[in-house]
Amino acid sequence: MDVWVYNTQSLHRPARFSETWQVSEIRYIEYGTRLEIMTLNLAATYDETKVDELRNDFPVLSRLVHGVPLVYLDNAATTQKPLAVIEAMDQYYRSYNSNIHRGVHTLSEEATAAYEDARRRIAQFINAPSEKQIVFTRNATEAINLVAYTWGRANLGPGDEVLITEMEHHGNIVPWQILRDQIGFTLRYIPITEEGRLDLSQLDDLLTERTKILSFVHVSNVLGTINPVAQLTAAARAVGALVMLDASQSVPHMPVDVQALDVDFLVFSGHKMCGPTGIGVLYGKREILEAMPPFMGGGDMIREVKMSGSRWNTLPYKFEAGTPAIAEGIGLGAAVDYLNAVGMDWIWQHEHALAAYAHEQIAQIEGIRILGPGPEERAGLVSFTLDGIHPHDISAILDQSGIAIRAGHHCAQPIHTHYDIAASARASFYLYNTKEEVDKLTAALEKAVEIFLI
Ligand code: C6P
């Protein structure tokens with residue numbers, strides 16, 4: 001089933017949903033005159049008990065921290081790895097470790113095949129038209145930097161504008177600031193509302209013919225807000241701007257279809273989706289990637305090198321200089337297989353249910369302030385502050401109960417500045433978290449409040 005949602009102003013075409021979904025309810029949440037978010041009630045197909053068996057796939061979940069079972073709620077920072085991923089990487093090192101794209105010997109051919117096969121499966125995972133449009137990077141940050149330094153340097157100059165938002169991770173702010181300081185375009189920000197959504201009331205002033213690229217986060221790593229990609233993409237197209245989507249917190253958690261979203265670039269990190277660190281992805285539209293100059297120079301990215309100059313390799317290798325993260329690419333391929341086997345629709349429903357439950361439970365705690373939109377409209381994470389307790393203290397107290405959350409500015413300082421706070425605490429969920437773990441979180445937070453109020 002391909003779900004299309006229309007309103008009078010723009011076409012909304014969310015990621016293509018799995019044909020196995022039984023949609024029992026479609027809800028539209030509107031603000032202003034615009035349709036922003038679509039919620040599907042998929043309770044009919046959601047089997048909560050599946051989580052018990054999935055937990056066995058993650059060896060680290062059986063460890064104790066301070067003598068009690070680990071409750072890992074720092075998944076927006078990085079997720080745990082299933083045995084399938086650990087074993088795929090182990091297998092590479094044990095049985096066919098070799099450099100790729102170079103050797104004409106069995107090990108090198110096996111490694112090349114495994115690495116390129118992983119790229120193909122990753123392309124399928126986000127429905128990219130071709131694996132040639134999947135550029136491996138170290139992480140999402142490097143992918144954004146790649147676009148800024150190659151496309152940006154070639155296409156931006158004084159008088160041009162780059163539009164980002166106030167809810168970006170530093171990875172989608174700082175590369176643009178560095179480039180702006182070097183070449184002199186204007187960097188503008190879509191502000192956020194008190195509820196933690198993008199304030200689109202001034203969009204027509206911010207997004208103009210001067211805007212060359214709109215680069216924004218799909219799901220905020222602090223607010224949990226799911227941004228209206230289709231609406232923003234349509235608005236960018238109308239002024240001839242390109243669109244880059246930071247999908248670091250969406251690709252791991254919900255079905256994402258780059259063709260349905262119709263963005264020009266999309267980036268994500270392997271380590272936030274059961275894969276290893278050291279591997280990330282830049283997806284790009286083919287003609288745009290073809291026209292871009294290379295990022296770094298060296299081996300593998302060239303077709304021919306003469307002392308007078310060089311010619312570049314074809315996509316995606318033009319952007320992949322030097323020996324790549326081979327085991328990590330293979331590991332990310334295994335992670336994608338794992339996520340497919342679990343089912344991205346199930347993962348989304350599970351996290352959505354957990355985040356809504358957590359929101360409801362912790363909202364009762366004295367002195368708590370939850371950042372971001374209400375439970376129905378958010379992805380699987382909850383950031384908050386507690387009156388009189390520094391987020392680092394909250395995290396340290398929770399750690400005593402084996403609970404891992406993140407505290408700090410989460411590399412999104414402008415959001416914290418907006419709310420006039422230095423830091424927040426954040427619980428972020430993934431496919432292996434349970435309602436019981438949310439109960440442990442709530443109980444530990446209540447205890448923290450008790451300790452600090454005495
Ligand atoms: N956010 C968090 O705890 P890297 O570090 O390149 O893998 O991912 C960067 C990044 C980019 N965009 C978003 C929306 C992100 O959430 C992140 C990483 C982690 O929230 C680490 S700061």
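**A loop residue and its setting**

A: Asn-127 is found in the loop between α3 and β8 (helices, H or I of at least four residues, and strands, E of at least two, are DSSP runs numbered from the N terminus). The model is predicted, with local features requiring pLDDT of at least 70 and side-chain atom pairs pLDDT 80 or more, whereas totals for chains, interfaces and linings use all residues. Residue numbers start from 1 along each chain as its sequence is written.

The phi of Asn-127 is positive, near 55°, in a residue other than glycine.

Asn-127 follows α3. This helix covers residues 106-125, and its 20 residues should span 28 Å at 1.5 Å a residue, which agrees with the 28 Å between its end C-alpha atoms (the expected span is 1.5 Å times one less than the number of residues). The buried residues of α3 are Ala-111, Ala-114, Tyr-115, Ala-118, Arg-119, Ile-122, Ala-123 and Phe-125. They pack against α2 (83-96), β8 (134-137), β14 (280-284) and α10 (326-342).

The peptide bond from Leu-315 to Pro-316 is cis, with omega near -5°.

The domain assignment gives domain 1 (16-75 + 343-453) and domain 2 (84-340), with bounds from an automatic or database assignment. The C-alpha centres of domain 1 and domain 2 lie 26 Å apart. Across the boundary, 31 residues of domain 1 are in contact with 28 residues of domain 2 (contact means C-beta atoms within 7 Å, placed from the backbone). On the side of domain 1 that touches domain 2, β4 (34-41), α11 (344-362), β18, α13 (413-418) and β21 each supply at least two residues. The largest share of that side, 6 residues, comes from α11.

Strand β18 (residues 381-386) has 6 of its 6 residues buried, so it is largely enclosed by the rest of the structure. Leu-381, Ser-383 and Thr-385 point one way from β18, while Val-382, Phe-384 and Leu-386 point the other way. In general, side chains of a regular strand alternate between the two faces of the sheet. Strand β17 (residues 368-371) runs antiparallel to β18 and is joined to it by 4 bridges (pairing requires at least two DSSP bridges). Within that pair, Leu-371 stands opposite Ser-383. Strand β21 (residues 424-428) also pairs with β18 in the antiparallel sense, over 4 bridges, and Ser-428 in β21 is the bridge partner of Leu-381.

The loop between α13 and β21 holds Asp-420. Like Asn-127, which has a positive phi without being a glycine, Asp-420 is not a glycine and has a positive phi, of about 60°.

Definitions and conventions
A residue is buried if 20 or more other C-beta atoms lie within 10 Å of its own, exposed if 12 or fewer, and partly exposed in between; C-beta atoms are placed from the backbone. Two residues are in contact if their C-beta atoms, placed from the backbone, lie within 7 Å.
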